[in-house]
Amino acid sequence: MNISPNEAEEALAAIQTMTQKTRHSIASGGTYITLIVTGIVWLIGFMCTQFLPKEITGYIWGGLSIIGGTLGTVLGFRMGRRVHSPSTGTIAKRIVIFWLLLVFYGIAAIIVARPTDGKQATMLIVLFIMIGYLAMSLLFSFASVWWPLPITVLALIGYFLLPDYYYLWMSILGGGGMIVLGLYIHSRW
Amino acid sequence: MAELNETIHQPVRLRIMAALVTLESADEVDFTYLRDLLEVTDGNLGAHLRKLEDAGYISVNKVFVERKPHTYVSATPEGRQVFQEHVKALESILKSK
């Protein structure tokens, strides 16, 4: 079989494009779903916290966490079916253990720190969640490791510079930002 | 010197192999996911997969997940080796330009 150098160049370019597309597709699959689900939970939860009485917001966050967690798990399993790996079961177990331990450490940190108001407690929870996402990104797809960093910076800016509108800030820029990022990653990759 | 492989060189089959070789050696990919990734039809993908399977370059695994049939595809060790040789052959042609 003989081909010209131009044909060889085209074939190599096609291989490179396909390799990158496959890597990005696998890496972004879980990321965009995580971003959209977490973004919706934050958008609704923080918006309610800003405008509704404290007595109601606890229940709203509880409900949203259950819905978000269930939706994330179901969609995560669906995405996991795209690529079958012998190590999937072991990795899934480790992910669950990691998040449970992070929740435990987060609760312990809040008990020790004894935050004086809801904003401080919220900021600590946000930081722990972002640490969790950073760890997941570093372990599973280095391409998506960047996104928890700007969300953390946004949260810190809102906390220190706009304390009166902190929840609204987290709702629109944190939650809304995650939804936009998720949609962008999905459409681009 | 590495030689070009006629079965793999066909454009769709070349992209199928590129996608499968990108995965870890023990990983397999869902048929519908591969179809969407390559932007081809079910029939087209099925026909090319059969040719690659007949050549021994890929393995097709049909399983039931929640009572629904799922087809998983993976590159065999032979397929990976042949693909790498094909890439080397392409690169040597390009270098001789």
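So, how many residues does the contact take from chain A and from chain B? From chain A it takes 21 residues, and from chain B 27 residues, where contact means C-beta atoms, placed from the backbone, within 7 Å. Before I go on: this is a predicted model, with local features needing pLDDT of at least 70, side-chain atom pairs counting only at pLDDT 80 or more, and totals for chains, interfaces and linings using all residues. Residues are numbered from 1 along each chain as its sequence is written, and chains are lettered from A, ligands numbered from 1, in the order in which they are written.

Back to the interface. On the side of chain A that touches chain B, α1(A) gives the most, with 13 residues. Helices here are DSSP runs of H or I with at least four residues, and strands are E runs of at least two, numbered from the N terminus. By class, that side of chain A has 11 nonpolar, 5 polar and 5 charged residues; Ala, Val, Leu, Ile, Met, Phe, Trp, Tyr, Cys and Pro count as nonpolar, Asp, Glu, Lys and Arg as charged, and the others, Gly among them, as polar.

Now the sheet. There are 4 strands in an open sheet, ordered β1(A)-β1(B)-β3(B)-β2(B), with antiparallel pairing; strands pair if DSSP finds at least two bridges between them. β1 (83–84) of chain A and β2 (58–65) of chain B stand at the edges with a single partner strand each, so one side of each has no neighbour in the sheet. Where the chains meet, 2 bridges join β1(A) to β1(B), and A:V83 stands opposite B:V29. β2(B) pairs with β3(B), residues 68–75, over 8 bridges, and B:K62 has B:T71 as its bridge partner there.

Helix α4 of chain B, residues 42–54, lies across β2 and β3 of that chain, at about 120° to β2(B). That's between N-to-C directions, on a scale from 0 to 180 degrees, with axes fitted to C-alpha atoms, for helices over the stretch in contact.

Last, what's inside? The largest nonpolar core has 32 residues, and B:M17 and B:L20 have the most contacts within it. A core is a set of buried Ala, Val, Leu, Ile, Met, Phe, Trp, Tyr and Cys residues joined through C-beta atoms within 7 Å, buried meaning 20 or more other C-beta atoms within 10 Å. α2(B) gives the largest share, 7 residues.

Conventions. Contact = placed C-beta atoms within 7 Å. Buried ≥ 20, exposed ≤ 12 C-beta atoms within 10 Å, placed from the backbone.
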